[in-house]
Amino acid sequence: MTDRDPDSPAAGTDDGPGAAGPASLPDGYRLEHAAPRNEEYVRLRDIAGLSPRTPEQAVGALENSWAWTTIRTADGGLAAMGRTLGDGTWYFHLADIATDPDHQRRGLGRAVMENLIDRIERAAPPHPYITLLADPPGQHLYRSLGFIDSEPSLGMRLPR
């Protein structure tokens, strides 16, 4: 996957002058600007309660997202992830925000969200349109970050 964020630091980590995001992490975690491996993505979606995806379905998400933020443990395990879909100028959709249940309640989901939002705001012209679909477990976090209902619009999907 090529991270299209122009301010993304080299080597896919958050060190260096291009580091994005105001979030601080608890000891033992590191933030990266890199997609997870296919099997990690599929596993984390499953254990975090997101709709299951196959490794074949994961390929497009992993390769074609505008930006990724992942958080890894000291031993390299995937603790949290999130990605941004978008055109790089106006429209951005946050997706696959997930935290391993063994690592929840440590601020990792907030750190992923704040990092992705910060990267959008630094890369896009003023007033980007940032959306997400908010399942009940994440609604409190999203509202605390300033997200509001998109009334009168309504999120819709085509079941398949």
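Colleague: Which residues in helix 3 are buried?

Modeller: In helix 3 (108-123), the buried ones are Leu 108, Gly 109, Ala 111, Val 112, Met 113, Asn 115, Leu 116, Ile 117, Asp 118, Arg 119 and Ile 120. Buried means under 20% relative accessible area, exposed over 50%, partly exposed in between, with a 1.4 Å probe and protein chains only. Helices (H or I, at least four residues) and strands (E, at least two) are DSSP runs, numbered from the N terminus.

Colleague: Before we go on, what are the ground rules?

Modeller: This is a predicted model: local features need pLDDT of at least 70, side-chain atom pairs count only at pLDDT 80 or more, and totals for chains, interfaces and linings use all residues. Residues are numbered from 1 along each chain as its sequence is written, and side-chain values use heavy atoms, with hydrogens and water left out.

Colleague: Back to helix 3. What covers its buried residues?

Modeller: The cover includes strand 1 (29-32), strand 2 (67-73), strand 3 (78-86), strand 4, strand 5 and helix 4.

Colleague: And what span does helix 3 reach?

Modeller: From first C-alpha to last, its 16 residues reach 23 Å, close to the 22 Å expected at 1.5 Å a residue. The expected span is 1.5 Å times one less than the number of residues.

Colleague: Which elements give two or more residues to the largest nonpolar core?

Modeller: That core has 21 residues, and Ile 71, Leu 94, Met 113, Tyr 142 and Phe 147 have the most contacts inside it. Strand 2, strand 3, strand 4, helix 3 and helix 4 each give two or more. Helix 3 gives the most, seven residues. A nonpolar core is a set of buried Ala, Val, Leu, Ile, Met, Phe, Trp, Tyr and Cys residues joined through side-chain atoms within 4.5 Å.

Colleague: What is Tyr 142 in contact with?

Modeller: Ile 97, Met 113, Leu 132, Ala 134 and Phe 147, leaving aside neighbours within four places in sequence. Contact means heavy atoms within 4.5 Å. There is also a second, separate core of eleven residues, including Ala 58 and Leu 62.

Colleague: Which residues lie nearest its centre?

Modeller: Of 34 lining residues, Leu 50, Ile 97, Ala 98, Gly 138 and Tyr 142. Strand 4 supplies the largest share of the lining, seven residues.

Colleague: And the second largest pocket, how much space lies in it?

Modeller: About 610 Å³. It is lined by 20 residues, with Leu 132, Leu 133, Ile 148, Asp 149 and Ser 150 nearest the centre.

Colleague: Asp 100, buried or exposed?

Modeller: Buried, at 7% relative accessible area. Asp 100 lies in the loop between strand 4 and helix 3. Not counting residues up to four places away in sequence, Asp 100 touches Arg 43, Leu 44, Ile 47, Leu 78 and Ala 79.

Colleague: Last one. Is Met 156 buried or exposed?

Modeller: Exposed, at 74% relative accessibility. Met 156 lies in the segment after helix 4.

Key: 1 Å grid on protein atoms, 1.4 Å probe; cavity = no way out; pocket = protein on both sides within 12 Å on 5 of 7 lines; lining within 4 Å. Points joined across faces, edges and corners; volume = space filled by probe spheres on them.
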